[in-house]
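Student: I am new to this structure and would like to be guided through it by questions. May we begin once it is shown?

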Amino acid sequence: MNRILIKGGRVIDPVSGIDGLFDVYVFGGKIAAVKPSIPPGSPLEKGGVGDLDDWTIIDATGLIVCPGFIDMHTHLREPGYEYKETIKTGAMAAAAGGFTSIACMANTNPVNDNASVTRYILKKAVEEGVVNVFPVGAISKGLKGETLAEIGDLKEAGCVAVSDDGRPMMNTGLMRLAMEYAGLFNLLVISHCEDMAISAEGVMNEGFTATRLGLKGIPNAAEDIMVARDIALAELTGAKLHIAHVSTKGSVELIRRAKDNGIRISAEVTPHHFTLKDEAVIGYNTNAKMNPPLRSQSDVDALKQGLKDGTIDVIATDHAPQDIVEKEIEFDKAANGIIGLETALSLSLMLVSDNIITLPDLVKKLSANPAKLLGLDNKGALKVGADADVTIIDLNKEWIVDSRELKSKSRNTPFDGWRMKGRAVKTIVGGKVVYEG
Amino acid sequence: MRLKRKDILTIEDLAKDEIELILSTAQSFKEVSEREIKKVPTLRGRTIINLFYEASTRTRTSFEIAAKRMSADAINISASSSSVAKGETLKDTAKNLEAMNPDCIVLRHPSSGAPQVLAGFIKCSVINAGDGSHEHPSQALLDLLTVKEKLGRIDGLKIVIVGDISHSRVARSNIYGFTKLGAEVSVVAPPTMMPSGIASMGCNVKNRIEDAITDADVIMMLRIQLERHKVPLFPTVREYSRLFGLDRKKLGKAKKDIVILHPGPINRGVEIASDIADAPYSLILDQVKNGVAVRMALFYLLLGGSRE
Amino acid sequence: MNTKNIMDAKGIERALTRIAHEIIEKNKGAEGMVILGIPTRGAYIAKRLKDILKSIEGVDLPVGAVDATLYRDDIGMKQEQPILKETDIPVSIDNRKIIIVDDVLFTGRTIRAAMNVIMDFGRPSSIQLAVLIDRGHKELPIRPDYIGKNVPTSMQEEVRVHLQEIDGIDEVVVEAE
Ligand SMILES: [Zn+2]
Ligand SMILES: [Zn+2]
């Protein structure tokens, strides 16, 4: 049985309230001890210390040791769009970004709206994926927004939440049913909030930049209206509602008020939405095209405030690989989305260096909070007995994003060429080192 | 001076002196069009491709005449007759066209920004002949030339643009063109056709034609393109025409010597009452003549010429 | 740089007067002619020639300009873009005698292009060429009918005609590196 001893790092575990120099001992794929000093060979578990040669010692001096990151919003593209990303390449990208678990959205082909697709994903993930993969099931059959998918079966097969992400749920009646029905299994309902009657043919944020470029805009109201609707439905049904990729000031305010009113609501923001503004589109940069679109400075400020005051619980990537043929074309025809797993941590660390949030707070939004929302009881904390998913970060590591060198199969990032500071240098999943940078 | 650029993609990109150079060069080319033999050998052996993803007989013909008057070989490719209809990407098309070794591609495309995308893929010059709701630089240049000829100047004039500003590439190019040359531009449209933040382009924003027309020197009536709107942006053509169409009654509030422009083709009785479109103060036919001259100037300047 | 003055204001005036007399002699009068100068300096010389002809013969000949830029065979080949100037042919040239006027005759290519422009405007009965300076190095079979002065030059030299109207002085200089 493999033993890992991570020595001398600054251990940050918001769940146990730890932030200081500790050693972390991993045995049997679990966290076996977190103590100020653990000499190699200490008899820390039943059955003795074993052969000292089995001990892998990781010197974490000057590094951050924290619970493995969990991305609750990834698009893996398998099955159906393997030319963009496979479970294998997506998992490798995750590991390289410090993520030990990823929740993958249902908009594959076929759609993950029944247990056989869920089982297929899980089987592939066990065989080929270096990180934990948790499927998110569809709310409606075929993401069509007409009738409920077999949510009970999906849950049983291993889905950790339900969402029609990729397609806004325009059918308010069905959304109500979904929230009621998902409550039966205590499943999180993740909502991509967009009123398509307003967003219509919009391809970027509505405003001066869109007007200047002659591109059709999507107003903030398209998101705000649906956030308000879903909050009302959550209040009506008592469901666990999670708002995906919040992009507007209005959404942040609505969520804050809903939380104050005791509604069970949580929210995530992506690194690109709190880092970039809609001006990134200038030059018809299709790698700045996503849905929801990049917004204005006041929205970015509101998102940061939401992260700071806890209105926004989670940072998630909305990692959406797209092939070059879907991006190297006319802006209005290009596909939405960017890859995000490998840049999320570095971009999020900018929030810490800008004093928006503290490092323990960031760790919490990347690990403990998503674990709790998805019901992953043995993850998101470095407590004894928890799964040994650990991310080790070098805060001072400087690097330049080179899209050609990323592990993802796709190259669609607006951060190509960006200078970054801070990166995961070791990713440990279930007691195994799966990435070393 | 010379035009130091490979492409003409927008008026927004052009500096004031570049616009003036194009206009004065175009003036020289008008003289060529009045000769007995309306053809000069300047671009003999050069290949110009008119790549049109949208039907537009007027603009295409104007570019074609301009190319032929300069003895260039003009090749017309329209979306329906080429592989573009079969899902070939703009990049594929660019690579295929490059094999023909063109000197210039004139692109009309329904997607905003497509000329910029094409220009990035190809070594030859690209002229934007209208892209989506973005810009239509040669149209603005010919409008500038027409007004300059008629009124002797651009600086200090008051220009009013009326119509679907949201979807109009002609409006955007003209706002930039006229303001760069010192005119004051007002845009008029119902709020459903007024794009957000348009005032930041440097124009006044008005919702009623009567509020804008009283001290205007030039009024430009945009064509209403019903086919562009999935959902109509006004209740009926009749109501639009009553509120935003130019008729004798509204014109009565204007200066006597106001000039009327229209990028054509006119929906008679919609944006302009029929009797006004044919009136002497309408410069619609001058616009057509100047269109050829401006396009000759663009070819000349991009493919190797300059003007003193 | 080495500059040599080869003609002063008096010299230019004498040369143009002589050319005017030669034109009258060769054509037995000046009736029905059109004088077309090649911009920039040829156009000014054409105007002067017209004035001299008027003072000698008393006829007021139409004078214009013919810009050959659009007919040049080297567009896009040179580093510098050719500069577009005014073409102004004030009358019909059909069945008329045309005198093309330029300041310096060098390779002959500009004259060839100018003749093509003129042909596109109509069918003159004849075209004659008057130049102030013939510096040699012709690349085409073009021979001036009237020459102010023959100035044999090397390719390294430049012949510059300066005129009162634009340069503030009347003179012809040869510049050598
Ligand atoms: Zn989404
Ligand atoms: Zn998504």
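Tutor: A polar contact is a pair of N or O atoms within 3.5 Å; within protein, one must be able to donate a hydrogen and the other to accept it, and residues adjacent in sequence count only if both atoms are side-chain atoms. This is a predicted model, in which local features need pLDDT of at least 70 and side-chain atom pairs count only at pLDDT 80 or more, while totals for chains, interfaces and linings use all residues. Residues are numbered from 1 along each chain as its sequence is written, chains are lettered from A and ligands numbered from 1 in the order written, and side-chain values use heavy atoms, without hydrogens and water.

Student: How many residue pairs are in polar contact across the interface of chain B and chain A?

Tutor: Contact as such means heavy atoms within 4.5 Å, and here it takes 16 residues from chain A and 25 from chain B. By the polar rule, with both residues at pLDDT 80 or more, the number of pairs is nine.

Student: Which residue of chain B forms a salt bridge with Arg212(A)?

Tutor: A salt bridge is a side-chain nitrogen of Lys or Arg within 4 Å of a carboxyl oxygen of Asp or Glu. Chain B and chain A have two salt bridges between them. In one of them, the closest N and O atoms are 2.6 Å apart, and the partner of Arg212(A) is Glu12(B).

Student: How much area do chain B and chain A bury between them?

Tutor: Buried area is the accessible area (1.4 Å probe) that two parts lose on being put together, summed over both. Carbon and sulfur atoms hold 51% of it, and the total is about 1600 Å².
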